[in-house]
Amino acid sequence: MLTDTFIQLINKYSNNNELATNLWLEIFSKYSEPKRHYHTISHLEAMLTNLTEVKDKITDWDTTLLAVFYHDSIYKASSNTNEGDSAKLAMQKLSEIGYPAPKIANCANMIVATKLHEKSEDNDTNYLLDADLTILGANPYEYQKYTEQIREEYSLYPDFMYNTGRKKALQHFIHMEIIYKTEHFFKKYEKQARINIMNELETLK
């Protein structure tokens, strides 16, 4: 589903089938890097599934989709510039297909917004941010699996360093007035997300 969705999307703006295929192969290879355990193709599939549920509420579907595909294209556990680097890559690649400049800028802004997940004035961005965080509101089994995958991605850090950073990240979300910025995702995930986060924070004490 992801392959067809991406290539059909690119082909709306470029008649170069080889370019579309190469762009997809690049994305696939990045999300298949051996050090990734959660930020993988499966994460993109989950985001696409969740966003398709609210497609009629999204103003610029194409730009939102492109933000999904590129938002974690650069991902290194040791870096704090992943979102900015991913946005730069998206801008470069979307320029190659002749994607409209204002939409490229919007896509880059959406990707950068995934760093802090603060509420945006742009509603499409809020849907993207919420879709990126649906795992927080998953059932306890899936959430536990997610925490193990994240720990593997940060395996270069010893427990005392990882636990400190993880607590800081979780507290960022728990102290938000609302985690999910859109009504659809708030109703679906907010309550369970807070339960999951609080339970994980207890294990990190």
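In this predicted model, lysine 145 has a relative accessibility of 36% and counts as partly exposed. The class follows because partly exposed residues lie between the buried limit of 20% and the exposed limit of 50%. Lysine 145 pairs with glutamate 142 in a salt bridge. Their closest N and O atoms are 3.9 Å apart. Both residues belong to helix H8, 3 residues apart, so about one helical turn separates them. Glutamate 142 is also partly exposed, at 29% relative accessibility.

Helix H8 spans residues 140–153 and meets helix H10, residues 183–203. The two axes come within 11 Å and cross at roughly 50°. The helices are therefore oblique to each other. The crossing of H8 and H10 is right-handed. On the H8 side, the contact is made by Pro140, Tyr143 and Thr147. Helix H10 contributes Gln192, Asn196, Ile197 and Glu200. Sorted by class, the contact holds 3 nonpolar, 3 polar and 1 charged residues.

Salt bridges were then searched for across the whole structure, and 13 were found. One of them joins aspartate 60 to lysine 103, with the closest N and O atoms 2.9 Å apart. This pair links distant parts of the chain, its members lying 43 residues apart. Aspartate 60 sits in the loop between helix H3 (41–52) and helix H4 (61–70). Lysine 103 lies in helix H6, residues 101–113. The two partners fall into separate accessibility classes. Aspartate 60 is buried, with a relative accessible area of 16%. Lysine 103, at 27% relative accessibility, counts as partly exposed.

A further salt bridge brings together the side chains of arginine 151 and aspartate 159. Here the N to O distance is 2.8 Å. Aspartate 159 has a relative accessibility of 49% and counts as partly exposed. The class holds because the exposed label requires over 50%. Elsewhere, salt bridges with shared partners connect Glu26, Lys93 and Glu96 in one network.

Key. Residues numbered from 1 in each chain as written. Predicted model: local features only at pLDDT ≥ 70, side-chain atom pairs only at ≥ 80, totals over all residues. Heavy atoms only, no water. Axes fitted to C-alpha atoms, helices over the stretch in contact; angles between N-to-C directions. Helix = DSSP H or I, 4+ residues; strand = E, 2+ residues; numbered from the N terminus. Parallel < 35°, antiparallel > 145°, perpendicular 65-115°, else oblique. Left-handed = near helix turned anticlockwise from the far one by under 90°. Contact = heavy atoms within 4.5 Å. Nonpolar A, V, L, I, M, F, W, Y, C, P; charged D, E, K, R; others polar. Salt bridge = Lys/Arg side-chain N within 4 Å of Asp/Glu carboxyl O. Buried < 20%, exposed > 50% of the residue type's maximum accessible area, 1.4 Å probe, protein only.
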